[in-house]
Amino acid sequence: MPDSGGAALITGAASGMGAAFARHVVEHGGRVVLVDRDAGPVRALADELGPKALAVAADVADESSAAAATAAGLERFGSIDRYFLNAGIGSATPLIDETVEGFDRIIAVDLRGVFLGLRAALRHARDSGRPAAVVVTASTAGLSGSDLAAYSAAKHGAIALVRTAAVEGAPLGVRVNAIAPGSIGTPLMAAMEARLGGGPRAAALLHATTPLGRAQGRYGTAEEVAAVVDFLLGPAASWITGTVVPVDGGVLATDPYRLPETGP
Ligand SMILES: NC(=O)c1ccc[n+]([C@@H]2O[C@H](COP(=O)([O-])OP(=O)(O)OC[C@H]3O[C@@H](n4cnc5c(N)ncnc54)[C@H](O)[C@@H]3O)[C@@H](O)[C@H]2O)c1
C-alpha cells in the first residue's frame, strides 16, 4: 500500500520475512524502523534501503532495549502506525529433552518479545490518538501440538496475546492479527535442513511437508508472506482483527491420517 504517514516498525528485520517486508514497504514509498538484535545485518539493510529506513540494534526480549527501539523510531519519524512483530527464534527440542534455560530462552524472545511489542503499540495509539495496525508472526506450530515444545508453547501464547490485544485495541483504533507461516524458505528453514543432514534430500523432505511444497518442489517465499502482511496492515483489511491467517502452503488443511507415501 502507499505511504500513509507513519512509519512501519519491523522486528526481526535483518533477515527472512522481516527483511522482505521492509523492502516491500520502502519500494511502495513507506518508511521503516528496522529492529534486530544483529546490528551488522540490520545496518546493512538500512544502508541498502536509504533514508527511509532507520536501523535499531535491539533485543525484543529485553524491556528497556525494546522500548528504546520504539522511542528511536518515534524520534526519527514522528509516528508509527504499522507494526510487524516478527522477531523469533526456532527450537527443535522435544519436551522430554528441553532444559529450563532452553525453554526460558524461547519464551523470552517468541512470547515476551511479542507482549512488549503489542504493549508499546497500544500505548502509542492511546497516547497519540492515532490508529494503527499490527501483525504478529506466529506459526502453524502455534495452532497445533508439535515436536517443538517451547516454540509451540510460545507461538500459542503469541496468538492468545493477539486476540487479547485485538479486543483491547479496537476502541483505540488498533487492529491486531497474526500470521501462521509454514515452511518459508528463510535461514530458519536452512537451519532445519542442516538438522536433517542438509543437501537436496533434506530440502525435499521439508518441501514434502506441505501440499503446495509437494506439488511445486519448493518452500514458500518471504515475499509471499510480505504480501499477506501488507494486506493485513492496510485499509483492505479494515474489518479484520483478532484473526490468525495461515500462510503455510496448505499444511493445516492436510489430513492428519494421511500416510507419507500416499499421494498427491
Ligand atoms: N521460516 C518459516 O518457515 C517459519 C515458519 C513459522 C514461523 N516462522 C517465524 O517467522 C519469524 C521470522 O523468521 P524467519 O523465518 O524470517 O527467520 P530468520 O531467522 O531469517 O529471521 C529472524 C530474525 O529475527 C531476529 N531476532 C531473533 N531474535 C531476536 C531478538 N531477541 N531481538 C531482535 N531480533 C531478533 C534474527 O536476528 C533474524 O534477523 C519468526 O518469528 C519465526 O518463528 C518462520
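This is a predicted model: local features need pLDDT of at least 70, side-chain atom pairs count only at pLDDT 80 or more; totals for chains, interfaces and linings use all residues.
Where the two domains meet, domain 1 contributes 9 residues to the contact and domain 2 contributes 7 residues. On the side of domain 1 that touches domain 2, H1 and helix H9 (222-233) each supply at least two residues. That side of domain 1 is made up of 5 nonpolar and 4 polar residues, with no charged ones.

The shell counts 30 residues, and the closest to the ligand are Gly12, Ser15, Gly16, Gly88 and Thr186. Three helices each provide at least two residues of this shell, namely helix H1 (16-27), helix H4 (100-128) and helix H6 (187-195). In terms of residue class, the shell around the ligand holds 12 nonpolar, 14 polar and 4 charged residues.

Turning to the protein as a whole, its secondary structure comes to 9 helices and 7 strands. The radius of gyration is 18 Å, close to the 18 Å that the globule rule gives for 264 residues, so the protein is as compact as a globular protein of that length. Taken along the principal axes, the C-alpha atoms fill a box of roughly 55 × 40 × 35 Å. Of the 264 residues, 46% count as buried. Sequence separation in the contacts can be summarised too: among contacts between residues at least 6 apart in sequence, 69% join residues at least 24 apart.

The largest nonpolar core has 79 residues, and those with the most contacts inside this core are Ile10, Ala22, Val32, Leu34 and Val134. Helix H5 (residues 149-169) gives the largest share of the core, 11 residues. Leaving aside neighbours within four places in sequence, isoleucine 10 is in contact with Gly18, Phe21, Ala22, Val32, Val33, Leu34, Val35, Phe84 and Asn86. Among these partners, Ala22, Val32 and Leu34 are also listed with the residues that have the most contacts inside the core.

Two individual residues round out the picture. Alanine 19 lies in helix H1 and is buried, because 25 other C-beta atoms lie within 10 Å. Not counting residues up to four places away in sequence, alanine 19 touches Ala13, Ala14 and Leu45. Leucine 252 is 233 residues from alanine 19 along the chain, and their C-alpha atoms are separated by 25 Å. Histidine 124, for its part, is placed in helix H4. Histidine 124 is likewise buried, with 22 other C-beta atoms within 10 Å. The C-alpha atoms of histidine 124 and leucine 172 are separated by 9.8 Å, and these two residues are 48 residues apart along the chain.

Technical notes
Residues are numbered from 1 along each chain as its sequence is written. A residue is near a molecule or strand if its C-beta atom, placed from the backbone, lies within 6 Å of it. Helices (H or I, at least four residues) and strands (E, at least two) are DSSP runs, numbered from the N terminus. Ala, Val, Leu, Ile, Met, Phe, Trp, Tyr, Cys and Pro count as nonpolar, Asp, Glu, Lys and Arg as charged, and the others, Gly among them, as polar. The radius of gyration is taken over C-alpha atoms; the globule rule is 2.2 Å times the number of residues to the power 0.38. A residue is buried if 20 or more other C-beta atoms lie within 10 Å of its own, exposed if 12 or fewer, and partly exposed in between; C-beta atoms are placed from the backbone. A nonpolar core is a set of buried Ala, Val, Leu, Ile, Met, Phe, Trp, Tyr and Cys residues joined through C-beta atoms within 7 Å.
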